[in-house]
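Hi everyone, thanks for coming. Have a look at it first.

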Amino acid sequence: MAAGGGGSPSIVEYFGGEDGYRCGYCKNETGNLSHGMWAHSMTVQDYQDLIDRGWRRSGKYVYKPIMNQTCCPQYTIRCQALRFQTSKSHKKVLKKMSKFISKGDVSKVVSEEEPMDSHIEDVVPSDFAYKSESQVSQTELTPLNEDHAEGVENEDKDKAETKEEVNVKKVESGSLQIPVDKDAAGPGEPSHSTKTVHVPPKPGKGADLSKPPCRKAKDIRKERKLQKLLQNQMGTLEGSPLQAAQQALLSQNSKTPANQPKSIEDFIFASLPDDAPHKLEVRLVPVSFEDPQFKSSFNQSATLFAKYQMAIHKDTPSECGENEFTRFLCDSPLEAENPPNGPECGYGSFHQQYWLDGKIIAVGVIDILPYCVSSVYLYYDPDYSFLSLGVYSALREIAFTRKLHEKAPDLCFYYMGFYIHSCPKMRYKGQYRPSDLLCPETYVWTPIEQCLPLLELSKYSRFNQDAKAVDEGRIKELGRVRVLHKRTIMPYSVYKKRRKGPSDEASVQQYASLVGQTCSERMLLFRS
């Protein structure tokens, strides 16, 4: 395990399926449906495992869209950072920034290649009313020592095991079943993608992801020239056609290293002239008021957030004040960890600040987790929107992920939040290639090219086409769910006997089904 193995356990309160709230994509007033829980604290490994089951955080509130019911299904998307290839539009953004810094050139032509200036618009502060914020005192959340907890766990163990066998069968037979849209290919049915031609995007809506990236005309000309050369030499050198072909290939390949496409780092870290009119510095700051850099830049960062929210999201000043900023982008349940085999900066929540000529013009809020960099939110100075800061920051975060991988080999993905195919403005995330979408039923990753034909047929779809495949992390033993009750850690099987009042088994079973067996045995489910 890369991280999250030590320290205090995660403590969460599960609220069940929350009432529908306004959707930020289709503007349906009550169509956005999700499960929610409040995370008092959380290890980075637990959160990594949760987002790999479709969860996402907004401040300390952790939510999971009810995929088969919500108006705009939100699929977790990740980019394979180590294999990332910059597109033509990405290169334009990188070159534009380089030109601005080195020469001061300003091109305020809005690019139609990327529909959204900000690359992470999944959640805005007003999306949640924060009615779920817990009022539980810290005293109630402080578990007793582990010795006492272990004693409780062993209580009536023999009797509990017998009942657990029955519970397992109940859980397995009553595990969460998500119905598939009647128009989508269901389990055991052939995929309609073989019968349906993928509909290409309309002009200006981005690349057709079902097709390979366009090749440069220069490369095509070179290939044709080589083929012609081979044909001529094969015809004239009758004695050794193979040798002639080999020599031609060697001659061509000897030039390849110099002609290799530039990496994302080549664009970002290109050398600048000494007299460059601008200076851009990117600082990684831990989200902690104990950190001097975070504390000293807090006011400037909060002011920038308010400016962005009012200009881009049309918030009122009261909706984006310091309290809202703190709750939304500074409060994090993640416990910072710095293991010896992890990245130098450690794991946890960070603000990546973009300083231009001594002032902050953008802040990327990110979580650094055992296997990925997860982008939470981005806000920037609207006066600098001509620099396409949303796209630029996403590319910087991909390069940052690749850098962290050098010290932490397991960390090799860049999570971009949610991909919403039913919202055309959110499809641009699929242009960061190669990328995968998370199957909402079996929680396996599927290349986005295989998912798109299914999403064209139905906005909700199971991506795993193996009809026999099931959620391998599903709940198998409900009695093993860990519970924190009256400052004591105990398995649910013991808590169930001690509980007074109506049964809460249905709620606990739903929670365990959504977080999976592993997390349900590691995290502490708070029960009053």
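So here's my opening question: is threonine 76 buried or exposed? Threonine 76 has a relative accessible area of 5%, so it counts as buried, the cut-off being under 20%. Before I go on, keep in mind that this is a predicted model.

Where does threonine 76 sit? You'll find it in strand 5, which covers residues 75-80. And what is around it? If we skip its neighbours within four places in sequence, threonine 76 is in contact with Ile51, Gly54, Tyr415, Gly417, Phe418, Asp436, Leu437, Leu438 and Trp445. Strand 5 also turns up in another place: along with strand 10 (413-419), strand 11 (435-438) and strand 12 (445-447), it is part of what covers the buried residues of helix 13. Those buried residues are Ile448, Cys451, Leu452, Pro453, Leu454 and Leu455.

Okay, let's zoom out. The chain has 528 residues, and 51% of them count as buried. It's built with 15 helices and 15 strands. If you take contacts between residues at least 6 apart in sequence, 72% of them join residues at least 24 apart.

Now the inside. In soluble globular proteins, nonpolar side chains tend to be buried together. Here, the largest nonpolar core has 119 residues, and the members that touch the most others are Met37, Tyr377, Tyr379, Tyr432, Leu437, Tyr511 and Met523. Which helix gives this core its largest share? That's helix 12, residues 389-405, with nine residues. There is also a second, separate core of six residues, including Ile11, Leu484, Ile489 and Leu524.

Not counting residues up to four places away in sequence, tyrosine 511 touches Val12, Tyr14, Met37, Val481, Ser520, Met523 and Leu525. Helix 15, residues 505-522, lies across strand 1 (11-21), strand 2 (32-41), strand 4, strand 13 and strand 15 (524-527). Against strand 1, the helix runs at about 135°.

Seven strands make an open sheet in the order 3-4-2-1-15-13-14, and the pairing is mixed. Which strands are at the edges? Strand 3 and strand 14 (488-491), and each of them pairs on one side only. On average, neighbouring strands in this sheet are turned by 40° against each other, ignoring direction. Over at the strand 3 end, strand 3 pairs with strand 4 (residues 61-65) in the antiparallel sense, over three bridges. If you want to find that spot on screen, look for arginine 57, which stands opposite valine 62 in strand 4.

Last topic: charges. Side chains of opposite charge can pair when their charged atoms come close. How many salt bridges does a search of the whole structure find? It finds 16, and I'll show you three of them.

First up, arginine 53 and aspartate 471, whose side chains meet at 2.8 Å, N to O. These two are 418 residues apart in the chain: arginine 53 is in the loop between helix 1 (44-51) and strand 3 (56-58), and aspartate 471 is in the loop between helix 13 (448-457) and strand 13 (482-485). Both arginine 53 and aspartate 471 are buried.

Next, glutamate 265 and arginine 402 form a salt bridge, also described by an N to O distance of 2.8 Å. Glutamate 265 belongs to helix 9 (residues 264-268) and arginine 402 to helix 12, 137 residues apart. Glutamate 265 has a relative accessible area of 22%, so it is partly exposed, whereas arginine 402, at 18%, is buried.

And then there's aspartate 381 with lysine 307, where the closest N and O atoms are 2.9 Å apart. Aspartate 381 sits in the loop between strand 9 (372-380) and helix 12, while lysine 307 is in helix 10 (residues 292-312), 74 residues apart. At 4% relative accessibility, aspartate 381 counts as buried; lysine 307, at 33%, counts as partly exposed.

Technical notes: Residues numbered from 1 in each chain as written. Predicted model: local features only at pLDDT ≥ 70, side-chain atom pairs only at ≥ 80, totals over all residues. Heavy atoms only, no water. Helix = DSSP H or I, 4+ residues; strand = E, 2+ residues; numbered from the N terminus. Buried < 20%, exposed > 50% of the residue type's maximum accessible area, 1.4 Å probe, protein only. Contact = heavy atoms within 4.5 Å. Core = buried A, V, L, I, M, F, W, Y, C linked by side-chain atoms within 4.5 Å. Salt bridge = Lys/Arg side-chain N within 4 Å of Asp/Glu carboxyl O. Pairing = 2+ DSSP bridges. Axes fitted to C-alpha atoms, helices over the stretch in contact; angles between N-to-C directions.
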